[in-house]
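Hello,

Here is the structure I said I would pass on. My notes on chain B follow.

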Amino acid sequence: MAIEVRIPTILRTYTGGAKAVDGTGSSLGELIADLDVRHPGIADRLLDNGELRRFVNVYLNDEDVRFLQGIGTELTDGDSITILPAVAGGAK
Amino acid sequence: MRYDSPLQAVGNTPLVRLPRLSAAVPGNEAGLVTLWAKLEDRNPTGSIKDRPALHMIERAEAAGRLTPGCTVLEPTSGNTGISLAMAAKLKGYRMVCVMPENTSEERRELLRMWGAEIISSPAAGGSNTAVRVAKELAAEHPDWVMLYQYGNPDNAGAHYATTGPEILADLPTVTHFVAGLGTTGTLMGVGRYLREKVPGVQIVAAEPRYDDLVYGLRNLDEGFVPELYDAEVLTSRFSVGSADSVRRTRQLLAEEGIFAGVSTGAILHAALGVGRRAAAAGERADIVFVVPDGGWKYLSTGIYTAADTDEAVEALKGQLWA
């Protein structure tokens, strides 16, 4: 089961510069564990005590996983995951 | 409607039904889903930011923090600075804005027009960097007053007191409120108000997602979450990229004749997403979404007249558009 994971610039040192990589897993937690096998160290940058770090945002098909089931969010084939640093949005 | 001074003409903006876009929501043949646009471009300086800017100033005056001759400092990507500068001009304050250098020329021109001084912050890091630079300046100039929209409860308070009640009065059947996530003031203020009054109302955030140029090499440990932000107020949060934002901004213009800024496209994209879900579930939905400003300040990007979405997205590359 392949899920596309978009990687922010700051984490591309773990992916050999790749902007997007494929991963597998039936939940976000499994996916991150899978990524860490091929890109050792990346999980530690995303998680703290098994939860997403405060300034790390993860989106499943553009929806923030914190409003889904967080790290337990279920994934299915063809889903797209985007990892982004938290930012102050525009000042609209 | 009659007002006694320009500053009193803030708020009371139109809420308009969008018949064509509502009908175009997939699965909405039964007409259960209706989209409503809250036209905040109708405020005195042309954006929703007139509400919090004026409210923050008046509250600071009432508290004795802001007195005649004061210098007001604010990190802004444009609209808040423009609103504050207008109020500062009329009230006799000096205005200093810290603004990322990758913002449109129109914003700079408008700030200059109102007499504001602009300190540019580096493009890398966008608004986060502007906030950091402003905090440093505030520390260097303890006599300057930083109203600080990202952490000032009066920012959200303005929307709790005005935007929320206006929406409920115009549309008591509202089921969803969709707005952009920047300082989070609009979502926190309107969200809290509607949650108190409308059981089950959904509060949906549309967060702009820029290209890599804007995020740059920001360290994940140095992220920024506005002090005002309380995730408990939201029911969902969507990240919307430049392509979807530009496409929806152009669609709103083409189908409903509404000439809006680019962040409106991101908000509309999220609104259409929740509309599609409601239609698929066979649920009635009255979805209110915010039009934070008009398209005037973004004309120089060329996105409205570009041949297609791809060309428009290319024109916007590297710019902070929300």
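In chain B, strand β7 (residues 176-180) is mostly covered, with five of its five residues buried (20 or more other C-beta atoms within 10 Å of the residue's own, C-beta atoms being placed from the backbone). Strands here are DSSP E runs of at least two residues and helices are H or I runs of at least four, numbered from the N terminus. This is a predicted model, in which local features need pLDDT of at least 70 and side-chain atom pairs count only at pLDDT 80 or more, while totals for chains, interfaces and linings use all residues. Residues are numbered from 1 along each chain as its sequence is written, and chains are lettered from A and ligands numbered from 1 in the order in which they are written.

Both faces of β7(B) are covered: His176(B), Val178(B) and Gly180(B) are buried on one side, Phe177(B) and Ala179(B) on the other.

β7(B) pairs in the parallel sense with strand β8 (residues 202-209) of chain B over five bridges (pairing requires at least two DSSP bridges). Val178(B) has Val204(B) as its bridge partner in β8(B). With β10(B), β7(B) also pairs in the parallel sense, over three bridges, and there Phe177(B) stands opposite Val288(B).

**A loop residue**

Thr305(B) lies in the loop between β10 (285-291) and α11 (309-315) of chain B. Why does Thr305(B) count as exposed? Because Thr305(B) has 11 C-beta neighbours inside 10 Å, and the limit for exposed is 12 or fewer. Asn43(B) is 262 residues from Thr305(B) in sequence and 25 Å away in space, C-alpha to C-alpha.

Regards
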